[in-house]
Amino acid sequence: MAKEKTNYVCTECGGTSAKWLGKCPSCNAWNTLVEQVATPAGGPAHNRFGTQFASLAGTGDLSVLSEIEASDVDRTSTGIEELDRVLGGGIVPGGVTLIGGDPGIGKSTLLLQAVDALQRAGQNALYVTGEESGAQVALRSRRLGLDRSQVQVLAEIQLEKIIATLDAHRPAIAVIDSIQTVYSDQLTSAPGSVAQVRECAAHLTRFAKASGTAIVLVGHVTKEGALAGPRVLEHMVDTVLYFEGDTNSSFRLVRAIKNRFGAVNEIGVFAMTERGLKGVANPSAIFLSQHSDPVPGSVVLVTLEGTRPMLVEIQALVDNGGPSPRRLSVGLDRDRLAMLLAVLHRHAGVACMDQDVFVNAVGGVRISEPAADLAVMLAITSSLRGKPLPKGFIAFGEVGLAGEVRPAPRGQERLREAAKLGFSVAVVPKANAPKKGSKEIEGLTIHPVERIEEALDIVRRLD
Ligand SMILES: Nc1ncnc2c1ncn2[C@@H]1O[C@H](COP(=O)(O)OP(=O)(O)OP(=O)(O)O)[C@@H](O)[C@H]1O
Ligand SMILES: [Mg+2]
């Protein structure tokens, strides 16, 4: 087959160049040219933004929206309940899922378990391995106790061969482990480069849509934790899942960042065992350290992950800093931490200007909801004062720049979960506290607050 010519296109302005240049000749932006396959000779003409002229390509058939039959998506359970939960019920035919996570976190393990379960349920599954040999995959499957697995394995990294194999076998589900190792020989850039990843993912997505095969792409993440490769990868696929967790602890979270077939921010919780990842059906208390007595700088936050409330311990350490004190956060947003410190200073008179401030969400969990604010601020002041919060204490609520404490979504559910786990004292936004006259939450003393100063006052009185 004759090779198609490649050219370079600017990701900023859409301008093209026949060879790679550091600076785009059209818009003068630096490092924006990426390789792409040029339109084959005789193909439809494109303008400089890549759109086709309808007069040359012919027109498409129009349909009236209300007349299009809306069939409900047909989902196939993966046989792993926690994975089904993040997928919105299961794998969708023709759906493309991207799953990212740190090295060694368990991506291959989870997918191997899932395809094996699907194969057992009578779905034809294909596992394409580009990172490991077939023997390595077999070794893992034996360790996981999948001795009689009928899953087909293909050790291949060339896109054209992978697609030809998929086309010939038409599996119900195919896993590509990983998209960064796949390359197309129509591009000259190295496997794993932006152009290769984008082109290969686009081809595989098109194949999935045309054939009905569900495809799962494993993606690497960068040091910053984002999926490596172009951001467009996330736009191209239907579902994006991220693996989170501290590799030192056995718990792993799988979070849906984007889902065209289900709710986002739903999480699946797993424990890594010698026999693979096992779903944790009741995960609300796994992110708590077991202090025998309360310690300064520790507050339990009730966070809402997808549909489930979970309790996560927030730890803070405030210590004398040098001339340029540090602010460091693990699992929480650093910019938000800087903002909360400013609010603490301005509205509650708590100054940390000459102090190093470290905050950490226990267990490697990432918390993005602002409802963590109150717990973070209480942990910081507790560390600064060297005074622990009372035993059985929980908090949640968003804190605004004016020092106001705003309600968190589904506060009652959070409170009930905390009470269920034996927590007894809560400082929460006023709007989240049970209304006067309504049923109280048994075992929980609730202190409603409207402002951060009020919350700090209550905590001092609880000493
Ligand atoms: N014998 C074992 N007992 C318990 N856990 C094990 C054992 N062998 C491997 N593991 C776990 O499996 C993890 C590796 O999982 P896996 O290979 O699925 O990760 P991955 O996300 O696919 O990694 P990569 O990015 O390198 O492909 C290890 O980090 C370890 O936690
Ligand atoms: Mg792997």
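Trainee: How far is a polar side-chain atom of Thr109 from an oxygen atom of ligand 1?
Mentor: 2.5 Å. Keep in mind that this is a predicted model.

Trainee: And what about Ser108, how far is its polar side-chain atom from an oxygen atom of ligand 1?
Mentor: That one lies 2.6 Å away.

Trainee: How much of ligand 1's accessible area does the protein cover?
Mentor: 65% of the 650 Å² that ligand 1 has on its own.

Trainee: Which residues come nearest to ligand 1?
Mentor: Gly104, Lys107, Ser108, Thr109 and Arg140, out of 15 around it.

Trainee: How does that shell divide by class?
Mentor: Seven charged, five polar and three nonpolar residues.

Trainee: Which element gives the largest share of the shell?
Mentor: α3, with three residues. At least two residues each come from α3 (107-120), α4 (134-143) and β11 (267-273).

Trainee: New topic, helices. Where do α5 and α6 sit in the chain, and at what angle do they cross?
Mentor: α5 spans residues 159-169 and α6 spans 194-211. Their axes cross at roughly 10 degrees and come within 11 Å.

Trainee: Roughly parallel or roughly antiparallel, then?
Mentor: Roughly parallel, because the angle is under 35 degrees.

Trainee: Which residues make the contact?
Mentor: From α5, Leu159, Ile162, Ile163, Leu166 and Asp167. From α6, Cys200, His203, Leu204 and Phe207.

Note on methods. Residues are numbered from 1 along each chain as its sequence is written. Chains are lettered from A and ligands numbered from 1 in the order in which they are written. This is a predicted model: local features need pLDDT of at least 70, side-chain atom pairs count only at pLDDT 80 or more; totals for chains, interfaces and linings use all residues. Side-chain values use heavy atoms; hydrogens and water are left out. Axes are lines fitted to C-alpha atoms, for helices over the stretch in contact, and angles run from 0 to 180 degrees between N-to-C directions. Helices (H or I, at least four residues) and strands (E, at least two) are DSSP runs, numbered from the N terminus. Angles under 35 degrees count as roughly parallel, over 145 as roughly antiparallel, 65 to 115 as roughly perpendicular and the rest as oblique. Contact means heavy atoms within 4.5 Å. A residue is near a molecule or strand if one of its heavy atoms lies within 4 Å of it. A polar contact is a pair of N or O atoms within 3.5 Å; within protein, one must be able to donate a hydrogen and the other to accept it, and residues adjacent in sequence count only if both atoms are side-chain atoms. Accessible areas come from the Shrake-Rupley method with a 1.4 Å probe; for residues, only the protein chains shown count as cover. Ala, Val, Leu, Ile, Met, Phe, Trp, Tyr, Cys and Pro count as nonpolar, Asp, Glu, Lys and Arg as charged, and the others, Gly among them, as polar.
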